[in-house]
Amino acid sequence: MKRTTWENIGLFIVFAPMIALVGFVILVGTALFSSDRFYMYVIPIAVIASIVLLAIGLMGRLKGKTGKRIIAGMLLAAVLSIAGNEGINLYHKSFGVVGSEVNLGAYKPFVKDTKAVSLGEDAGFKVVQPLPVMDGATALYPLYASFAQAIYPQGDYNPINSKVRSTKTQEAYAGLIKGEADIIFAAGPSDMQLWNAKTAGVELKLTPLGKEAFVFFVHKDNPVTGITTEQVREIYSGKLTNWSQLGGKDAAIKAFQRPEDSGSQTALQRLMGDTKLMEPLKEDVASGMGGIISQTADYRNYPGAIGYSFLFYATEMAGNGKIRLLEIDGIAPTCDNIRNGTYPLANDFYAITAGSDNPNLDGLLEWITSEQGQKIVEKVGYTPILPSS
């Protein structure tokens, strides 16, 4: 029995909102559990196309071979689009990431098979209650976890929420300024972190512990083996844009950056000096309710990529075997070259305090700068301030 026009309109009024509601639920679920912007566009298009098909179908225009071809063509387009997007995603994921999360639990003190190093002798100082709260940069967690293993009482020190934790450089500075940590281990503060401390009426005290190389790396197959300090500035200001300008292949330079106020980003900003730093590469990430936010993209070792970090983190904690460190001004970033002062981008790292009244803090600072503390600095893989005995 043929439906009347009003019956078709009624069916459309019933089913079109249902399709829209289902599409909205799928869109929210995608926003919550996926960072792929592709689907944030595809889902609304699919909903609109489905509603249009519903309207055309109720008008009786999808009957016969023509209707089947239209539906088959739309399904084929959808399948090919999704397959193409997933293929592109697989291609990008085939390039390893440096800067992704590492397993800090592997360095947790006082656990079996920990990577935290052993002093190899009784420590000349032991911390007693109340224990100073340690925090700091991810790259330095293996160091201060080893300090804790040598001088803290045995216990369960979870790297997330214990007295020996790692919340990353930016959060560690914020916690120190607020009094939530007694001592942090990190590179020197950024201008913003200094301003935050001053605004809070807090004075940061920096105690040098050792030196570490600020390093730049490329894909292992990139023929460029070294660049100058000035070329680093030219790359990150946008003046140099192609590897052929540096004796490499004709390929665009993808210059990755790190998040603002991270230790390595602060090191880059200081290296740039008065040269303006270009906008970082971005990635779009779906927020909880379907919006799109931009954040600094993690380094992937694309053939044309360049990124930066600190030597220990890049090679020991997050290295993937598919990157190669660049020489800077003709000098390779090695511990020997940091020690002898020839590598030009060697930076101090610090134990940083902000006026905590913890009674054990002075003894802790004295010990980590002593011969035993510096021995741990060297055993972890950093270059100590004190010369090796």
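A: A salt bridge is a side-chain nitrogen of Lys or Arg within 4 Å of a carboxyl oxygen of Asp or Glu. In this predicted model, Asp336, Arg339 and Glu378 are joined by such contacts into a network. Arg339 belongs to helix α10 (residues 335-339) and Glu378 to helix α12, so their contact ties together parts that are 39 residues apart in sequence. Arg339 has a relative accessible area of 41% and is therefore partly exposed; Glu378, at 32%, is also classed as partly exposed.

The structure holds 9 salt bridges. Another of them pairs Glu121 with Lys375, whose closest N and O atoms are 3.5 Å apart. Glu121 sits in the loop between β1 (97-98) and β2 (134-136), while Lys375 is in helix α12 (residues 371-380), so this pair connects parts separated by 254 residues in sequence. Glu121 counts as partly exposed at 42% relative accessibility, and Lys375 as partly exposed at 31%.

A further salt bridge is formed by Asp348 and Lys211, with 2.7 Å between the closest N and O atoms. This pair links distant parts of the chain, for Asp348 lies in strand β13 (residues 346-353) and Lys211 in strand β4 (residues 205-219), 137 residues apart. The relative accessible area of Asp348 is 25%, which makes this residue partly exposed; Lys211 is partly exposed as well, at 30%.

How values were computed. Residues numbered from 1 in each chain as written. Predicted model: local features only at pLDDT ≥ 70, side-chain atom pairs only at ≥ 80, totals over all residues. Heavy atoms only, no water. Helix = DSSP H or I, 4+ residues; strand = E, 2+ residues; numbered from the N terminus. Buried < 20%, exposed > 50% of the residue type's maximum accessible area, 1.4 Å probe, protein only.
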